[in-house]
Amino acid sequence: MADMGNEGSYGNQHRDLRPTEIQRSDKEVKKTKDAIKSFLNPFSSEVQNELIVLSSGAAAPKHIAADVLEADQKGIDARDQFVESRLKPGKNFFTPVKRMNLKTLEDTSKVAKTTAVKNQIIKYKEQGTIAFKLLIKTQNDGLQLNMRELMSYPLTTVPFSIATADDYLAKTDKAKAFHYLVKDQPDADIPPLSETLTVYDGNAYFHNMMDIPGTFAEISSKLFDSIAPSGSGDIIFSTDQYKPGSIKSLERKRRGCGEKLIIGSGATKRPTDWKLFLTNDDNKVQFIRLLLKLWSSDDYAVKLQGRKIILVCEDSAHLLTSDDGITTKIKELPLLKSSQEETDTRVVLYTQYAANSHYNTVRIKSPDSDIFFILLHFASTMDINILFDTKIQRRSRLINVTSTAADIGQEKCTALLGLHGFTGSDTSSAFRGKGKLVPVKKMLKAPKFVPMLAKLGDNWTVSEDLIDDLEAFTCAMYGDNTTAGKVDALRLNRINKLCTKQGKSIPVNVDMSSLPPCRKSLTQHIRRVNFQVAVWKRASIAHPMIPSAVQGHGWLMTDNGLQPLWYEGESQPENLQDLCEEKNEASYSDSDSSAGSDESDDSTGNDSDTNTDDQ
């Protein structure tokens, strides 16, 4: 045993104790830990009193949640009713039993409609394996349909490589790229307060508040004291706007929505669940308006004496000051009036304001990595020192954005902004299994991808040439060097390898999330990304002219609000649609022949979802 543990006697040493094996094992353990940390945690949802779908972290619809949560009691009630109506004398035992048709979380999967050859509109919920099983049937029936054609279609109601089964955008830890870029950066020195304008991401601050007091007046006072203690310098407290038809609305819907409460005055008692209260947009608007009313009152004059506090409420910014500590002055600042929706983009206007007001430094405090990449893009155009104050794994970091941007270079900074949108943000999908690190490293190692990513958002429309270039980058993200940058060809290659591995001409078990999206789906993803990056690139404009997201930008308006347009056209070839129709008719026939059926399911197949992120 002593010889086995002796590093000097390498020949007798157990393999697992060799330095190379230890390093390899440590590396694999670290990769596993990083992958687990990057997964979405549905148990951290801000909505604590609703049923959460594990695959997306979204709250299940109320009618489905009711069936799932009350299934046991409904079964007991049905049993009691059966005993009462069938087992007592004089009752007909053989009367058909009515089917309960309770919904499950499987019913959260998106249902698509398609028109078959007979012009019958059919609905189906589909998983990838069904398309391949139907392909086998087409071959058995002598129909002409090959795998190459099949791979040019999405095949599923949503593209699982960039979407969840319940119609949400696939998510990743969007801060990973930021962490990677600044991991070797030293923390900046804290600048003098008299020369610094500090900007707070107000909405993030609301969510991070702890030990919430009993009334809204007390909450407002605690909030003011926490961001603006005595001697803390000049401050902008920025909050978001909530516009109908916003592309951010889908992400807010995924996070859940609490009930609207009425905040009559500062004496109104706080809600029992603060996090749930903040999921309702109307609640936040009321709270921000109350903050302005209370902070601009004379009660805050003593706290405002000799300093400047700017509170942003909806589209306006209000300067709060006091000369004597008795009376509070309030003044609207036209230079900061803006239609920009979020603090993410407004920080550029705040930075310009700080430079024009002769501050030497602007310090932005936020946990949102979107702000870092936006500032990185604009830093070289700003005549002021920009600091980004955030936390990385509970460790406070103060990053000098100005010097970081100078080290990286302007073109790469702009490309990183485009890449940040392309690989997943609040309004764009992540690629399952790719996360943030793989694409960033790929771009930094291959300079040819920098100019194409830098073009994202220059115009509101995306050219076919740019789509072709981004398609090639997508193939590179998936480690492909053989298909001339065509995602449909890459999908075919992956399926052929799977066929070889399974020893079959058509695979039967296919994880569709492991394949890149087809060209149809990738095109819509690029349009959504381009729209968001275009908004970011216009952050220096107070009132930018932003077109409607549904006008060819990868979104569509439905009865449930703004939803992603995953692809245009059909999800599968016409021959497979006909087979879906046959399967649909068979499901009706089977349902009609079953005892006591009062309702039949017109959907084909089912769906499941898998976790995502950096592998």
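**A charge in a loop, and the whole chain**

Reader: Between which two helices is the loop that holds Asp480?

Author: Helices (H or I, at least four residues) and strands (E, at least two) are DSSP runs, numbered from the N terminus. On that basis, Asp480 has its place in the loop between helix H19 (464-477) and helix H20 (487-502).

Reader: What kind of model is this?

Author: Residues are numbered from 1 along each chain as its sequence is written, and side-chain values use heavy atoms, with hydrogens and water left out. Local features need pLDDT of at least 70, side-chain atom pairs count only at pLDDT 80 or more, and totals for chains, interfaces and linings use all residues; the model is predicted.

Reader: Which side chain of opposite charge is nearest to Asp480, and how far away is it?

Author: Lys and Arg count as positive and Asp and Glu as negative, while His and the chain ends are not counted. Asp480 is buried (under 20% relative accessible area; exposed means over 50%, and partly exposed lies in between, with a 1.4 Å probe and protein chains only).

Reader: Which residues does Asp480 touch?

Author: A contact means heavy atoms within 4.5 Å. With residues up to four places away in sequence left out, Asp480 touches Cys475, Leu490 and Asn493.

Reader: What percentage of the residues in the protein is buried?

Author: The secondary structure comes to 22 helices and twelve strands. Of contacts between residues at least 6 apart in sequence, 71% join residues at least 24 apart. Of the 615 residues in the protein, the buried share is 51%.

**Salt bridges**

Reader: How many salt bridges are found in the whole structure?

Author: In general, side chains of opposite charge can pair when their charged atoms come close. The search of the whole structure finds salt bridges numbering 24.

Reader: How many residues apart in sequence are the parts tied together by Lys174 and Asp426?

Author: Lys174 forms a salt bridge with Asp426, and the closest N and O atoms are 3.4 Å apart. Lys174 lies in the loop between H5 and H6, and Asp426 in the loop between helix H16 (410-422) and H17, so the parts tied together are separated in sequence by 252 residues.

Reader: Are Lys174 and Asp426 buried or exposed?

Author: The two partners can be taken in turn. Lys174 is buried, and Asp426 is likewise buried.

Reader: Which helices does the salt bridge between Lys303 and Asp225 link?

Author: The side chains of Lys303 and Asp225 meet in a salt bridge of 3.0 Å, N to O. The pair links distant parts of the chain, 78 residues apart: helix H12 (residues 301-304), which holds Lys303, and helix H8 (residues 216-227), which holds Asp225.

Reader: Does Asp458 count as buried or partly exposed, and what of its partner Lys537?

Author: Asp458 and Lys537 form a salt bridge, with the closest N and O atoms 2.8 Å apart. Asp458 lies in the loop between helix H18 (450-455) and H19 and Lys537 in helix H21 (residues 519-537), so parts 79 residues apart in sequence are tied together. With a relative accessibility of 40%, Asp458 counts as partly exposed; with 12%, Lys537 counts as buried.

Reader: How far apart in space are Leu522 and Ser161?

Author: Leu522 lies in helix H21. At 0% relative accessibility, Leu522 counts as buried, and its contacts include Phe422, Phe431 and Glu471. Leu522 and Ser161 are 361 residues apart in sequence, yet their C-alpha to C-alpha distance in space is 10.0 Å.

Reader: What is the phi of Leu155?

Author: Leu155 lies in the loop between helix H5 (147-150) and helix H6 (176-182). Leu155 counts as buried because its relative accessibility is 0%. Although this residue is not a glycine, its phi is positive, near 75°.

Reader: What is the phi of Glu314?

Author: Glu314 lies in the loop between strand S5 (309-313) and strand S6 (316-321). Its relative accessible area is 29%, so Glu314 is partly exposed. Glu314 is not a glycine, but its phi is positive, at about 60°.

Key
Salt bridge = Lys/Arg side-chain N within 4 Å of Asp/Glu carboxyl O.
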